[in-house]
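Subject: Structure for you to look at

Hello,

Here is the structure I promised you. Please open it and keep it beside this email as you read.

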Amino acid sequence: GEESLTIFVDKRKLSKRSEGSDPSANSSVVTLETLHQLAASYFIDRDSTLRRLHHIQIASTAIKVTETRTGPLGCSNYDNLDSVSSVLVQSPENKIQLQGLQVILPEYLQEHFVQAALSYIACNSEGEFICKDNDCWCQCGPKFPECNCPYMDIQAMEENLLRISETWNAYNSEFEESDEFKLFMKRLPMNYFLNTSAVMHLWTMDSNFQRRYEQLESSMKQLFLKAQRTVHKLFSLSKRCHKQPLIRMPRQRSSNYWLNRIQSLLYCNENGLLGSFSEETRTCACPNDQVPCHAPLPCTLGDGPACLTCAPDNRTRCGSCNAGYMLSQGLCKPEVADSTEHYIGFETDLQDLEMRYLLQKTDRRIEVHAIFISNDMRLNSWFDPSWRKRMLLTLKSNKYKSSLVHMILGLSLQICLTKNSTLEPVLAVYINPFGGSHSESWFMPVNENNFPDWERTKLDLPLQCYNWTLTLGNKWKTFFETVHIYLRSRIKSNGPNGNESVYYEPLEFIDPSRNLGYMKINNIQVFGYSMHFDPEAIRDLILQLDYPYTQGSQDSALLQLLEIRDRVNKLSPPGQRRLDLFSCLLRHRLKLSTSEVVRIQSALQAFNAKLPNTVDYDTTKLCS
């Protein structure tokens, strides 16, 4: 093939341009000698020469450049000149146009000619040029098995990758040595442990450090794209080599890497060694097993069992704890209320089996002696049961037993009827837990929702006498101060079918010939036990809510009051919601005002909300 470069020169324009130019700018003056030198360098460095000539042609109308190529194949990366003639390819329209020598060859030789020309140019006569499935390569001859593998180009690409890796490391080192990084490290608090979330929060608060990191990210992104392009070229060049090149891509360092790096600099940087910190295990991996690199870790601040502050004299230990936790040997442990037995008792020494046996025998050892009061009747006296009778058993604890509270386990009445009486006693029981008016009592749901029912036992007496016993036991036991009993009567009669019983109220029964009879109650017994109660000690606890004795005594008092509240309310009767028995205790046994009770309950509720793993419950108001 043949190539030629023609430069048309208008000497008049060229001489005028030279005369009018500044002598100090000789480097930019285009002379005839300069054009001769460029023409001579065309065959040494075609692309840069054409680029220079193109710039001169645009800047001045003194020259016009034409490149002409004839031969089997013309190719150039630079096609901005006025005209480029090529045998096989005419680039301006990107159309394939066969020209030149092959046109005059016979048709059966044309394809072989083009094939030979391509093999000569593309494969350097070391193989046959083949194109298939949008891919072209050289089928190497036996003497040149590596004709498809440009070792020099591959080596240059590998060296380029090595330089990119070095630049990559330099960028990271510059970031770590920057003033912004050093100032950020200097400002980090050392008096408590910084997890990655805490470091990230401080990172986002430092605008200078953030801008410096964004600058690093931008530089790394450009460098990574350059590395990717180099790797793609390397793969393309080496895909038909027998030996594949060694490719090492630098690993991108995310913000998580730098967070861990900062932790390592804080906690694994002792004795001149820098290790790697693991937040999961809170340990350091040191470069030398013989020499430690880890520093003592400060305490961790946070919610729950974490520290509220670290100790000023030893930052590895807790100095104070969150609500619901207590400081114990430098650690925060869940706070547990001290025993409340000093303030109020809840349990008896009797076991369940012993208690059940004593209740069945109505043993007097578990009888609580109460005062019987009734304006409607008297014990061991017959009375007309046509009207409702009200009676109560009360302990008058505030007057006689101020240091005791009482638990009811069962109730027993001995009721007698005259012979042939058709009356049937009906009992309604209300329990007043700690005193107060009758309206502050709750109704005992006998035989409802698995609650016990009355048991009737006939006594061996001339009269129709029965023992009516209600056994609560440990399952249904509750506090009591007064037991209100309402006795009504109903008349048992055969129904219309004769097989069923129908009950009537005495006033509804209009047949005067029927014997209603009389009734009497021989005795009433309350079974249970009395427990220790110290109202002054509880008042002292309440006083500490406003005037704590020592630091932490307020929380301790609140915790004990919570324990007492929950244990008292737990003994409320069955129902969808518990009764607020604790308010009744404060109101009637401690004689607190309604406003004081409300204040104490609010303080307990607020404190309970701060405690871990606690669920507050709604209660039904019982006492005013």
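Below are notes on one helix and on some disulfides.

This is a predicted model: local features need pLDDT of at least 70, side-chain atom pairs count only at pLDDT 80 or more, and totals for chains, interfaces and linings use all residues. Residues are numbered from 1 along each chain as its sequence is written, and side-chain values use heavy atoms, leaving out hydrogens and water.

Start with helix H7, residues 179-187. (Helices are DSSP runs of H or I, at least four residues; strands are runs of E, at least two; both are numbered from the N terminus.) Phe181, Phe184 and Met185 are buried there. Buried means under 20% relative accessible area, exposed over 50%, partly exposed in between, with a 1.4 Å probe and protein chains only. On the other side of H7, Asp179, Lys186 and Arg187 are exposed.

Now the disulfides. There are seven in the structure. Each is a pair of cysteine sulfur atoms within 2.5 Å. Here are three.

- Cys268 to Cys284: S to S is 1.9 Å. The S-S torsion is about -80°, so this disulfide is left-handed. Both cysteines are buried.
- Cys286 to Cys293: the sulfurs are 2.1 Å apart. The torsion is about -90°, so this one is left-handed. Cys286 has a relative accessible area of 18%, and Cys293 has 0%.
- Cys416 to Cys465: the sulfurs are 1.9 Å apart. The pair links distant parts of the chain, strand S17 (404-417) and strand S21 (464-471), with the cysteines 49 residues apart.

Best wishes
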